[in-house]
Amino acid sequence: MINPILQAKGQIAQIVDRAAAAAIAAGDLPDCPAGEYGIEIPADHSHGDFACNFAMAGARTYKMAPRKIADAIIAHAALEGTGFSRIEVAGPGFLNFFLDQSWFTGAVEAVLEEGERYGTTDLGQGKKVMVEFVSANPTGPMHLGNARGGALGDCLASVLRWAGYDVTREFYINDAGNQIEKFGKSLSARYLQIVLGDDAVVFPEDGYQGADIRVLAQQYIDEHGTGLEKESEELRSQTLIDYALPKNIQKLKEDLAKYRIHYDVWFHESQLHEDGSVGRIIELLRSRGLTYEKDGAVWYKATAFGDEKDEVLVRANGNPTYFAADIAYHYNKFAVRGFDWVINVWGADHHGHVARLKGAMDAVGLDGSKLDVVLMQLVRLMRGGEVARMSKRTGKAITLADLLDEIPVDAARFFFNQREPNTHCEFDLELAVSESSQNPVYYVQYAHARICSILKSLAAEGISPRACTREELDLLQTEQERELVRFMATLPDVVNASVKALDSSKITKYCVELATLFHKFYNACHVKGEAEGLLQARLNLCLAVRQVLRNVLEMLGISAPESM
């Protein structure tokens, strides 16, 4: 795993430390440790490719002015063979390091050498991480929040894999509890209305009103005929649940597969009830003195772990709450299946549940800090400058399936990953299908297609890219070429930063910036018609950019077309 930026920072640290030791030996600096210092990439590269604050960090211990410390470092710095051409002092004492051509050449070689692996890092060191996302209620179709959560969770899981984690994608199927009872009662009512007439039964006030419920009831009748109207409500509801729930779950799987999301595990909540996990977690909390009874219910002392109020674990009717199952589920993730880190992608309306669940992990003897929750804000669909609330096809609320009927999967995945999860997302349906530079996914894919077009055009003239010598790659010296190489070199750092922030939008932003820099290079630097050495060097640069674009688009689950 080659990281040109990390290598350069390491080289700077070595230069500075050796220069400080030489300055101390020469009596130019006092013999004492300077303290910790940082190395950053300045926004303006005219101020250097890297900036080091060694002089400011050492001012207190050296009891010297930072500028004087910086001058001492420069006087004793040895740069030959380091990849840096010079050091300058700026401002109060920053040490600004300027890269020489050998670094840029080496960075291009690194991308070409690493190929499909370029951008991978060892940040995760093989630790087991689970990303649980979407986990839509299986009683109905997926809505737009699920669409955003799917794109965010899937991309985040991919970035974690690139950063060296052992990643599991999981969907938690809520196939137990109140919503399933309501699902059964809704199906039962629609069944009776179909068989006996709409006036034969009053539909439950809190029932699921969607047209899909009637469709499922009709499908049952078409396949199995009538007769359930003669059975008890309980048997009728359960029979219809057993028929309809697998169909809904299969539809979830099909819609998500169309969205290019494939889970490693589909975990059923019902399993936790059936195998006794929920009961065992309640007993564990009771044995730790963290439960009490009140009003016939069993309560968990959530306030002992920082929550504002205690929570019910078992209702007065003897049924465990969703929260009890959630504790058992997360106990299963950590203690049973051994995940080192668990990440959930939830809607922002669940924010109050985050600290409660982390505290519950501490309460059962686990480490709540190993549970992270990405909270995402709502999506607002726009069409023609106005909010689009209804599907043009069905006249109902827009679902994931509706969205993917209207816009390409590439656009949906890119647009939902464009903003930080905790910001509101405005999704412009017309922009998503436009073939213009205003459409960011089109803009990025066009950069990839443009490179393929260059290669195809030259191939028609009998010119093919070949491996370059270092001397040939050293010819890449224009500002546009250097900007492009410098930015490509940051990909491993961007991957790590995306993981640390749990923010996949850093990847889409990287995509757009890389495409912008390539288009700048393309407009300023000719490939065709140049001397052999420069032509091949620029072809190799194009190959490197194409590879990086492919890698980041793969992270996003987006295609890299060769023509557009």
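Me: Axes here are lines fitted to C-alpha atoms, for helices over the stretch in contact, with angles from 0 to 180 degrees between N-to-C directions. The model is predicted, so local features need pLDDT of at least 70 and side-chain atom pairs pLDDT 80 or more, while totals for chains, interfaces and linings use all residues. Residues are numbered from 1 along each chain as its sequence is written, and side-chain values use heavy atoms, without hydrogens and water. How are helix 10 and helix 11 oriented to each other?

Reply: Helix 10 (residues 277-287) and helix 11 (residues 322-336), both DSSP runs (H or I, at least four residues), have axes that come within 9 Å and cross at roughly 95°. Helix 10 is therefore, relative to helix 11, roughly perpendicular (65 to 115 degrees).

Me: Is Gln125 buried or exposed?

Reply: Gln125 has a positive phi of about 50° without being a glycine. Its place is the loop between helix 4 (101-114) and strand 5 (128-132). With a relative accessible area of 63%, Gln125 is exposed (over 50%).

Me: What is the relative accessibility of Ser135?

Reply: Ser135, also not a glycine, has a positive phi of about 40° and lies between strand 5 and helix 5 (144-162). Ser135 counts as buried (under 20%), at a relative accessibility of 12%.

Notes:
Helix = DSSP H or I, 4+ residues; strand = E, 2+ residues; numbered from the N terminus. Parallel < 35°, antiparallel > 145°, perpendicular 65-115°, else oblique. Buried < 20%, exposed > 50% of the residue type's maximum accessible area, 1.4 Å probe, protein only.
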